[in-house]
Amino acid sequence: MLTRRLLQLFVGLAMYGISLAMFIRAGLGLDPWDVFHQGVAGRTGLSIGVVVIIVSFLVLLLWIPLRQWPGFGTLCNAVLVGVFADVGLALIPTFSHLGGQIGLLAGAVLLNGIASACYIGARFGPGARDGLMTGLARRTGWSVRVSRTLIEVVVLGVGWLLGGSVGVGTVVYALAIGPLVQLLLPWFMVPAAIPRAGVPEPDTGGQLTGVPVDPAGAEPLARNA
């Protein structure tokens, strides 16, 4: 079971990074956090993958006052998504024809949904950005939806001001990714270990033992994006 979990984690994170590159090459708009990443990359001259990694670790610093603890998957996410985003950008050409852009966008959304279901299902802990969202909700008493909306509106606005790409892809992602992950997640969810009677379940080091779902938003609360 551990082998399957690790495989799902690493394959999922690799696919997530590639899907980010596909969104960028489609040129039709990015999700809020990646609008921010792209804006920072454009202003600093760093690759978007490097920016994703740096921002991930900066966000993890915000976990400290929220008393959040990263899992193994959290740390892998912080590094591997950015690495594979840069790999994807090196391999995937830019599409100038609208039909190609639409096809690439659709493929990016589908791949992102599969990737999310893979590493959420591996149960190795939330990504830096989702941990910030759930930690803020827990500490403030706000709903996860309110916390997520507040954070994503802020990063979207800042990213747009920095020159990040906002467009139809931003809307498509927002509407499609939650239901898509919800549909795919049962196929990839690794069953939680059931401890033997009288034997306490081992400490997971702060990583998730289950993946709660926001019923209002039909979206997992532990997406590692």
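**Reading the helices, loops and surface of a predicted model**

Me: R123 lies in the loop that joins α5 (98-121) to α6 (128-140). What is the phi of R123?

Reply: Please note at the outset that this model is predicted. As a general idea, most residues other than glycine have a negative phi. In R123, which is not a glycine, phi is positive, with a value near 60°.

Me: Is R123 buried or exposed?

Reply: The cut-off for buried is under 20% relative accessible area. R123 counts as buried because its relative accessibility is 14%.

Me: How many helices and strands does the protein have?

Reply: There are 8 helices and 2 strands. Read from the N terminus, the order of elements is α-α-α-α-α-α-α-α-β-β. Of the 225 residues in the protein, 49% are buried.

Me: How should I read the packing of two helices, and at what angle do α1 and α5 pack?

Reply: Packed helices are described by two quantities, the angle between their axes and the distance between those axes. For helix α1 (residues 2-26) and α5, the angle is about 160° and the axes are 8 Å apart. An angle over 145 degrees counts as roughly antiparallel. The pair α1 and α5 is therefore roughly antiparallel. Their crossing is left-handed.

Me: At what angle do the axes of helix α2 and helix α7 cross?

Reply: The axes of helix α2 (residues 32-44) and helix α7 (residues 144-161) cross at roughly 30° and come within 7 Å of each other. Because of that angle, α2 is roughly parallel to α7. The crossing of α2 and α7 is left-handed.

Me: Where is H37, and is H37 buried or exposed?

Reply: H37 belongs to helix α2. With a relative accessible area of 2%, H37 is buried. Along the chain, H37 and L162 are 125 residues apart, while their C-alpha atoms are separated by 9.4 Å.

Me: How many salt bridges does the structure hold, and which side chains meet?

Reply: The rule for reading such a contact is a side-chain nitrogen of Lys or Arg within 4 Å of a carboxyl oxygen of Asp or Glu. The structure holds 1 salt bridge. In it, the side chains of E152 and R148 meet, at 3.2 Å from N to O. Both E152 and R148 lie in helix α7, and their spacing of 4 residues is about one turn of the helix. R148 has a relative accessible area of 19%, so it counts as buried.

Me: Which residues make the nonpolar surface patch?

Reply: The patch is made by L46, V50, I54, L58, L61 and I64, and its area is about 540 Å². I54 has a relative accessibility of 40%.

How values were computed
Residues are numbered from 1 along each chain as its sequence is written. This is a predicted model: local features need pLDDT of at least 70, side-chain atom pairs count only at pLDDT 80 or more; totals for chains, interfaces and linings use all residues. Side-chain values use heavy atoms; hydrogens and water are left out. Patches are made of residues with over 30% relative accessible area and no salt bridge: like charges are joined within 9 Å, nonpolar side chains (Val, Leu, Ile, Met, Phe, Trp, Tyr) within 5 Å. Accessible areas come from the Shrake-Rupley method with a 1.4 Å probe; for residues, only the protein chains shown count as cover. Buried means under 20% relative accessible area, exposed over 50%, partly exposed in between (1.4 Å probe, protein chains only). Axes are lines fitted to C-alpha atoms, for helices over the stretch in contact, and angles run from 0 to 180 degrees between N-to-C directions. Angles under 35 degrees count as roughly parallel, over 145 as roughly antiparallel, 65 to 115 as roughly perpendicular and the rest as oblique. A crossing is left-handed if the near helix is turned anticlockwise from the far one by less than a right angle, and right-handed if clockwise.
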